[in-house]
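Please keep the structure open beside you as you read.

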Amino acid sequence: MDELIAEGRIIQPKPGAVPRQKRYLDEMPGIAVGDAWDDISPINSQAQERLGYPTQKPEALLERIIMASSNEGDLVLDPFCGCGTTIAAAQKLSRRWIGIDITTLAIALIRTRLADAFGAAAEYEVIGEPVSLPDAAQLAHDDPYQFQWWALGLVGARPVEQKKGTDKGIDGRIYFHERAAEKTKQIILSVKAGHVNVAHIRDLRGVLDREQAEIGVLLCMEEPTGPMRKEAANGGFYKSPWGQHPRLQILTIEDLLTGKTINRPPAQTSVTFKRAPKATPKVRERQERMPGLGGSGNEPF
């Protein structure tokens with residue numbers, strides 16, 4: 001008691017009152033977390049981390065699970081990774097990770113999320129996606145809808161959220177704006193795995209006019225014919241602050257695999273996917289100190 005009084009740790013609110021001990025939060029262990037976690041709110045419509053994925057979990061939840069069950073440098077596996085919350089949390093906490101998902105839409109969303117949050121600090125390898133024309137042809141044969149979603153992912157487009165067979169000529173969309181206060185604009189995409197002809201370009205032009213979109217793009221396996229290229233060239237141009245962009249464009253899968261992409265305003269104007277919050281400088285600094293994270297340290301998904 002004498003030591004506590006000497007340290008100023010004993011206080012008496014008023015004469016005759018029971019003495020009290022002064023405590024500081026940073027010296028107290030706190031209350032242990034129980035097995036009912038009601039202190040983490042679900043993702044609501046206004047949450048900053050909300051990406052629009054229907055089953056998205058809060059990062060705080062996955063961070064708690066990972067911190068409670070692993071150490072820095074350990075390997076975290078999520079076999080149903082969805083929009084990548086486990087992966088983002090593992091990356092933030094300097095764990096190695098493997099994420100697995102059956103849909104190419106999920107993989108495209110995770111790519112965007114990692115780029116937004118961690119930039120070049122998140123390096124990884126994707127296994128299972130087509131890397132050649134024969135691979136793409138096989139995917140188109142095995143699962144046309146996965147092929148469609150994969151092709152759209154190559155240009156950063158989101159598939160239309162409609163039932164199969166009711167796309168009304170639209171397989172995917174890219175949203176963008178040129179200035180913050182301007183109305184959001186869009187690029188319409190159509191994907192064809194089989195034979196293509198000039199009628200497909202005419203149909204795309206009709207959809208472009210109907211939707212009042214700025215650019216229409218046909219993604220196809222086959223090389224376009226001369227009449228198709230001529231019809232696309234007659235579509236005119238969309239003018240932006242960055243120049244003129246053909247309103248009708250044709251890109252083959254071979255074009256996309258060799259790095260060619262849509263002639264459009266720059267990617268930083270895209271609002272197709274909601275942006276994930278950037279990792280804090282403290283997180284980036286910790287990752288730079290951890291050998292085996294980044295480069296070949298992270299596992300494929």
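## A covered helix and its partners

Thr85, Thr86, Ile87, Ala88, Ala89, Ala90 and Gln91 are the buried residues of helix α3. That is seven of the eight residues in this helix, which spans residues 85-92 and is mostly covered. Please bear in mind that the model is a predicted one.

Of its 301 residues, 40% count as buried. Taking contacts between residues at least 6 apart in sequence, 60% join residues at least 24 apart.

The table sets out the two pairs.

| Helix pair | Axes come within | Crossing angle |
|---|---|---|
| α3 and α4 (residues 104-118) | 10 Å | roughly 30 degrees |
| α2 and α3 | 9 Å | roughly 60 degrees |

Let us take the α4 side to begin with. The axes of α3 and α4 cross at roughly 30 degrees, which makes α3 roughly parallel to α4, since angles under 35 degrees are counted that way. The crossing as α3 passes α4 is right-handed. From α3, the residues Thr85, Ile87, Ala88, Gln91 and Lys92 take part, and they meet Ile110, Arg113, Leu114 and Phe118 in α4. By class, this contact of α3 with α4 has five nonpolar, two polar and two charged residues.

How are α2 and α3 oriented to each other? With axes that cross at roughly 60 degrees, α2 and α3 are oblique to each other. Their crossing is right-handed. On the α2 side the contact is made by Glu59, Leu62, Glu63 and Ile66, and on the α3 side by Thr85, Thr86, Ala88, Ala89, Ala90 and Lys92. The residues of this contact of α2 with α3 divide into five nonpolar, two polar and three charged.

Helix α2 itself (residues 59-69) has Glu59, Leu62, Glu63, Arg64 and Ile66 as buried residues. What covers them includes β3 (75-78), along with α3 and α4. A general point about helices is handy when you look along the residue numbers: with 3.6 residues a turn, residues three or four places apart in an α-helix point the same way.

## Two side chains to look at

Next, turn to Gln186, which lies in strand β7 (residues 185-192). Is Gln186 buried or exposed? Its relative accessibility is 12%, so Gln186 counts as buried, the limit for that class being under 20%. The side chains of Gln186 and Arg173 are joined by a polar contact of 2.6 Å. Leaving aside neighbours within four places in sequence, Gln186 is in contact with Arg173, Ile174, Tyr175, Phe176, Glu211, Ala213, Glu214 and Ile215.

Our last stop is Arg210, placed in helix α7 (residues 198-211). With 46% relative accessibility, Arg210 counts as partly exposed. Its side chain makes a polar contact of 3.1 Å with the side chain of Glu211, and Glu211 is also one of the residues in contact with Gln186. Apart from neighbours within four places in sequence, Arg210 is in contact with Lys168 and Ile170.

Conventions:
Residues numbered from 1 in each chain as written. Predicted model: local features only at pLDDT ≥ 70, side-chain atom pairs only at ≥ 80, totals over all residues. Heavy atoms only, no water. Buried < 20%, exposed > 50% of the residue type's maximum accessible area, 1.4 Å probe, protein only. Helix = DSSP H or I, 4+ residues; strand = E, 2+ residues; numbered from the N terminus. Axes fitted to C-alpha atoms, helices over the stretch in contact; angles between N-to-C directions. Parallel < 35°, antiparallel > 145°, perpendicular 65-115°, else oblique. Left-handed = near helix turned anticlockwise from the far one by under 90°. Contact = heavy atoms within 4.5 Å. Nonpolar A, V, L, I, M, F, W, Y, C, P; charged D, E, K, R; others polar. Polar contact = N/O pair within 3.5 Å; in protein donor to acceptor, adjacent residues only side chain to side chain.
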